[in-house]
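The sequence and the model are shown first, and the description follows.

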Amino acid sequence: MKYIDEFNDPDLARRLLDEIRASATRPWALMEVCGGQTHSIIRHGIDQLLPEQVELIHGPGCPVCVTPLEVIDKALEIAARPGVIFCSFGDMLRVPGTDRDLFRVKGEGGDVRVVYSPLDALELARRNPDREVVFFAIGFETTAPANAMAVHQARRLGLTNFSLLVSHVRVPPAIEAIMTAPECRVQGFLAAGHVCSVMGTAEYPELAERFRLPLVVTGFEPLDILEGIRRAVRQLERGEHRVENAYPRAVREDGNPAAVRMIEEVFEVTDRNWRGIGPIPRSGWRLTEAFRAFDAEHRFDVAGIRTEEPAECRAGEVLQGLIKPTECAAFGTTCTPRTPLGATMVSSEGACAAYYLYRRMNAATPQAAREEMNPVA
């Protein structure tokens, strides 16, 4: 299959690994900023195959995971109200709020529906003029164009019973927040290819220059990730710090101009709180004044909801790359996919879910894992 099988070739993977081993002469720490890349890395054991000099740190690349607890609670409050059809992608339904999740609300009689596009929710609003239809609009830059289009279409159609509960976040400010944190060990980034396919790469050169680190735009298949690592290590060894596009089949420098125009018409940049991390200035989007009538947070008067994260859950440290999931005492014990303490355990892109799904159940270092896989006689 084009662009799938070609990027799973084991012979090419070995060649890339050999090149990485040959070029890495000192310890380097790279962060992938995409939960899809994290799952690919853990599923294929890429982190365990790399030379011991190269460490992969998992970043806040899962949009479900970084959606604040207070926003989840706002969703639960709205979804439980009579006369509301609450629409969401399926990966949000089991994300725990303070005392329940959307599945529980549905079981208690709330009209919670899984949709595959915000335009599906828009169609529900058109067919049910006597009901309030709310779409849970979360995500990075990748999902923003479709959500913007839904609101744009709602206004054009004159629909007054459609709204978005918005929790959009932006990658570049998150990179800045990570790099300015006192505990930061990151020396290079693998940037998310799908984000850059929308927004392009214009925001990244300034970050690469200011923090003197390589920033390589990377895809999601094993060879994509290995090629991104190879390029990042090569830059680090040469003392370079620039943006490289290792995903040219999907990413152009200017991204998707039509999608960017739609985003800029409907959304404006705002400060945003990230679950487990806290507030990051100018790291999110909200609806502009022209589209504020479609803002569910104001329509249902839930802006005042405030919450506190459970102390036992260390998902915030996982999201910042400070610890691996297995370093949390709750991992695999009191926190499992059936009894999650945080979103990182239930999201299809969460780092904790990846470690649990692919049976990384102990805190062995990558070097120990390599020795276990290849014991010396």
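Predicted model: local features only at pLDDT ≥ 70, side-chain atom pairs only at ≥ 80, totals over all residues.

Five strands form an open sheet in the order β2-β1-β7-β8-β9, and their pairing is parallel. The edges are taken by β2 (54-58) and β9 (243-245); each has a single partner strand, so one side of each is left without a neighbour in the sheet. On average, neighbouring strands of this sheet are turned by 25° against each other, direction ignored. Strand β1 (residues 28-32) runs parallel to β2 and is joined to it by five bridges. In this pairing, Trp 28 stands opposite Val 54 of β2.

**A residue in each edge strand**

Leu 56 belongs to strand β2, and Glu 244 has its place in strand β9. Is each of these residues buried or exposed? Residues under 20% relative accessible area count as buried. Leu 56 has a relative accessibility of 4% and therefore counts as buried. Glu 244, with a relative accessible area of 7%, is likewise buried.

Apart from residues up to four places away in sequence, Leu 56 touches Leu 30, Glu 32, Ile 41, Ile 46, Asp 47, Leu 50, Ile 229 and Lys 324.

For Glu 244, with neighbours within four places in sequence set aside, the contacts are Leu 215, Val 216, Val 217, Arg 231, Arg 234 and Gln 235. Polar contacts link the side chain of Glu 244 to the side chains of Arg 231 and Gln 235, as the table shows.

| Side chain | Partner side chain | Polar contact |
|---|---|---|
| Glu 244 | Arg 231 | 3.3 Å |
| Glu 244 | Gln 235 | 2.8 Å |

**A pair of helices**

Two packed helices are described by the angle between their axes and the distance between the axes. Helix α9 (residues 171-180) packs with helix α11 (residues 204-211) at an angle of about 10°, and their axes are 10 Å apart. Angles under 35 degrees count as roughly parallel, and α9 and α11 are therefore roughly parallel to each other. On the side of α9, the contact is made by Val 171, Pro 172, Ile 175, Glu 176, Met 179 and Thr 180; on the side of α11, Tyr 204, Leu 207, Arg 210 and Phe 211 take part. Seven residues of this contact are nonpolar, one is polar and two are charged.

Notes: Residues numbered from 1 in each chain as written. Heavy atoms only, no water. Pairing = 2+ DSSP bridges. Helix = DSSP H or I, 4+ residues; strand = E, 2+ residues; numbered from the N terminus. Axes fitted to C-alpha atoms, helices over the stretch in contact; angles between N-to-C directions. Parallel < 35°, antiparallel > 145°, perpendicular 65-115°, else oblique. Contact = heavy atoms within 4.5 Å. Nonpolar A, V, L, I, M, F, W, Y, C, P; charged D, E, K, R; others polar. Buried < 20%, exposed > 50% of the residue type's maximum accessible area, 1.4 Å probe, protein only. Polar contact = N/O pair within 3.5 Å; in protein donor to acceptor, adjacent residues only side chain to side chain.
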